[in-house]
Amino acid sequence: MAVETAEGVGALVEEKYRTCPETGLRVYAQAETLIKANAVVAIVFLAVGGFFGLLVALTRWPAVHILPAEWFYLVLTAHGAAVLLFWIIFFEIAILYFASAVLLNCRLATPRFAWLAFALMVLGALVATVAVLQGESSVMFTSYVPMKAAPHFYLGLILFAVGALIGCFVFFGTLVIAKEEATYEGSIPLVTFGALTAAIIAIFTIASGAIILIPTFLWSIGYISEIDSLTYKLVWWGMGHSSQQINVSAHVAVWYLIAALVLGAKPLSEKVSRTAFLLYILFLQLACAHHMLAEPGISAEWKVFNTSYAMYLAVLGSMIHGMSIPGAIESAQRRHGFNRGMFEWLRKAPWGNPAFAGMFLSLIMFGFLGGISGVVLGTEQINLLMHNTLYVPGHFHATVVAGTTLAFMAVTYLVVPLIFRKEIIWKGLAKWQPYLFGIGVAGTSLFMMGAGTLGVSRRHWDMGFTDAPVSFDYPGTAYLMMGLNGVFAVLATIGGLLYVLIVVGSVFFGKPRTAEAIAASPTIPAGAAKVAASYGSEEHPKLPGTLVLVTIFFVSFVLYYFINWKFLSEVWPLS
Amino acid sequence: MAEEAQGAPAGGRPVRVPVMQRLLDNPFLLLFLGVVVPTVFYLIWGIVEVANIPIAQ
Ligand code: HEM
Ligand SMILES: [Cu+2]
């Protein structure tokens with residue numbers, strides 16, 4: 001393939017690019033290298049953090065109980081930081097660069113700043129990880145004051161956040177350049193719009209993080225005498241929760257991307273999908289308030305406005321995506337002739353393609369497990385049933401692991417051949433990887449939620465309370481659930497390890513995607529890249545199957561929601 | 001600007017772009033909204049709530 005040189009209008013830099021033989025898109029060298037660097041570091045943190053997750057789950061398996069108490073909290077802190085911050089956010093920066101530079105056919109704005117961002121993020125992540133491993137910073141993911149970590153723990157997080165912020169600005173800068181240089185027509189593609197949503201939420205997230213972490217850092221070195229614990233919690237969750245909404249926006253964008261690239265699926269309606277993202281931009285971040293539902297000092301008006309009235313508008317956004325993506329897939333499949341009956345389109349979907357399988361599993365599990373449990377947890381009254389129990393990690397492993405992580409894994413199966421230009425090794429095993437990981441994570445989510453419903457607390461080393469002055473017995477089922485949680489955690493770990501091995505193996509030892517290899521087995525069907533990289537809706541969509549799926553979803557949702565109100569009514573019997 | 005991007009016929013009357021599309025095509029306006037809404041309803045209102053809790057004597 002030819003390597004050409006483009007002179008940006010008004011830009012002094014000359015940048016190299018290649019024209020991708022599979023997608024026809026221009027891929028600039030700097031953008032490509034930055035995408036690779038961020039993705040590789042992300043995967044390293046996933047490997048490390050996933051191992052910590054396994055240790056946590058094995059400790060919470062009463063029959064195994066592998067770590068001693070101090071180690072448990074240390075490893076739990078390291079697990080949360082490595083996966084939820086470092087794995088996810090490095091990968092998201094790669095997605096931002098992909099969705100701007102690659103999909104818009106444009107050079108990346110200020111690649112030097114992008115490298116600075118990368119360096120700060122790597123440095124910050126390492127410093128914070130070292131601080132946790134040194135043992136003086138076992139403050140867990142939320143690091144609530146007055147628990148105090150070592151100063152370099154906060155410093156590491158601040159450096160990491162500054163780097164990520166610069167990455168977001170590079171994304172915005174690239175949007176500006178692409179518009180000025182008219183590298184695309186009309187509106188930006190939907191996938192880029194989803195990435196824009198993620199970047200916007202990221203900026204609010206990082207601003208909240210700065211407001212709270214900088215004073216906390218100063219407090220840890222003695223410049224500030226006290227941080228009010230309730231204010232800390234409030235502002236911290238402005239970061240802690242919003243960052244989950246970056247994940248949602250990013251993985252929804254990835255769902256649209258995979259549906260477009262694998263099946264050529266166009267959104268049912270660009271307008272409706274973009275409006276759904278707009279609902280995210282306006283309302284999703286208000287849901288931070290669900291972390292404050294159990295705080296006595298704050299009014300019910302604030303809680304209910306932020307977690308119900310406004311928040312349900314954002315849930316509406318998710319439901320729109322949840323319907324429009326399977327709908328787009330159904331329409332595309334019917335266009336390809338899979339028209340028999342209600343579900344031929346689904347049965348004949350490319351289940352052996354790990355990009356598609358991972359994406360669809362992610363969509364289903366995010367909706368059914370993560371979405372429904374999230375609305376239940378976010379309702380002021382029924383939140384009391386599960387607050388601070390294992391139900392909470394059960395819920396967010398469904399959203400952020402089965403949802404986001406699995407979606408990011410799925411898209412990697414396209415990134416490796418298209419961006420790294422390497423064949424996937426172990427194709428047979430790769431087919432199974434999303435199922436192993438998905439089923440493992442679904443199990444851990446469900447069993448943690450089950451144990452939480454029985455009252456088992458989160459972040460707790462010994463559910464047997466063996467040396468506590470007051471004894472307490474959980475029901476036998478709770479112990480069973482924690483054992484099953486451990487078993488499924490092992491399954492998830494095998495799936496996760498397989499992902500890491502396949503991706504690292506392919507990147508370093510995979511056969512290059514030569515022109516012959518591409519001709520023999522194209523990664524994506526012809527024309528699919530055009531769908532992902534341009535504006536356009538499906539014409540005359542037909543989606544009876546999707547309507548059935550959506551109905552099943554609503555019925556499950558309503559039933560489960562009301563079951564929880566019934567549970568609540570039984571907590572304080574009135575007779 | 002947005003009109004050009006929508007491909008207004010050369011020399012003809014500029015095509016009127018609907019308000020909603022102008023909003024969706026303007027990343028910086030979206031950024032502004034996405035930061036202001038949660039800052040007002042969640043952060044500022046929340047801090048007012050916390051500040052109004054009486055201090056124990
Ligand atoms: C092999 C995969 C994984 C396993 C087996 C696993 C298991 C667990 C377990 C058992 C807990 C502890 C619950 C408690 O005692 O409170 C936990 C906490 C947590 N996990 Fe995972 N997890 C995995 C992957 C992930 C991933 C990929 C993410 C993020 C993307 C993640 C994010 C978190 C967070 C944020 C916490 C809470 C930490 C805290 O309470 O401070 N986990 N995980
Ligand atoms: Cu939350």
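**Exercise 1.** Is the crossing of helix 9 of chain A and helix 3 of chain B left-handed or right-handed? Work out how these two helices meet.

*Solution.* Before we start, note that this is a predicted model, where local features need pLDDT of at least 70, side-chain atom pairs count only at pLDDT 80 or more, and totals for chains, interfaces and linings use all residues. Residues are numbered from 1 along each chain as its sequence is written, chains are lettered from A and ligands numbered from 1 in the order in which they are written, and side-chain values use heavy atoms, with hydrogens and water left out.

Step 1: find helix 9 (residues 300-309) of chain A and helix 3 (residues 27-51) of chain B. Helices are DSSP runs of H or I with at least four residues, and strands are runs of E with at least two, numbered from the N terminus.

Step 2: the two axes come within 10 Å and cross at roughly 170 degrees. Axes are lines fitted to C-alpha atoms, for helices over the stretch in contact, and angles run from 0 to 180 degrees between N-to-C directions.

Step 3: the helices are therefore roughly antiparallel to each other (angles over 145 degrees).

Step 4: the crossing is left-handed, meaning that the near helix is turned anticlockwise from the far one by less than a right angle.

Step 5: the contact (heavy atoms within 4.5 Å) includes A:Trp302 and A:Phe305 on one side and B:Phe41 and B:Trp45 on the other.

**Exercise 2.** Which protein donors does the copper ion (ligand 2) have?

*Solution.* Step 1: look for donors, which are N, O and S atoms within 2.8 Å of the metal (3.2 Å for Na, K and Ca); water is not among the atoms, so sites may look incomplete.

Step 2: you will find A:His241 (ND1), A:His290 (NE2) and A:His291 (NE2), lying 1.8 to 2.1 Å from the ion.

Step 3: in sequence, their spacing is H-x48-H-H. A:His241 sits in the loop between helix 6 and helix 7 of chain A, and A:His290 in the loop between helix 8 and helix 9, 49 residues apart.

Step 4: A:His241 has a relative accessible area of 6%, so it is buried (under 20%; exposed is over 50% and partly exposed in between, with a 1.4 Å probe and protein chains only).

**Exercise 3.** Where does A:Asn105 lie, and what is its phi?

*Solution.* Step 1: A:Asn105 lies in the loop between helix 2 and helix 3 of chain A.

Step 2: its phi is near 60 degrees, a positive value in a residue other than glycine. Most residues other than glycine have a negative phi.

Step 3: at 22% relative accessibility, A:Asn105 counts as partly exposed.

Notes
Angles under 35 degrees count as roughly parallel, over 145 as roughly antiparallel, 65 to 115 as roughly perpendicular and the rest as oblique.
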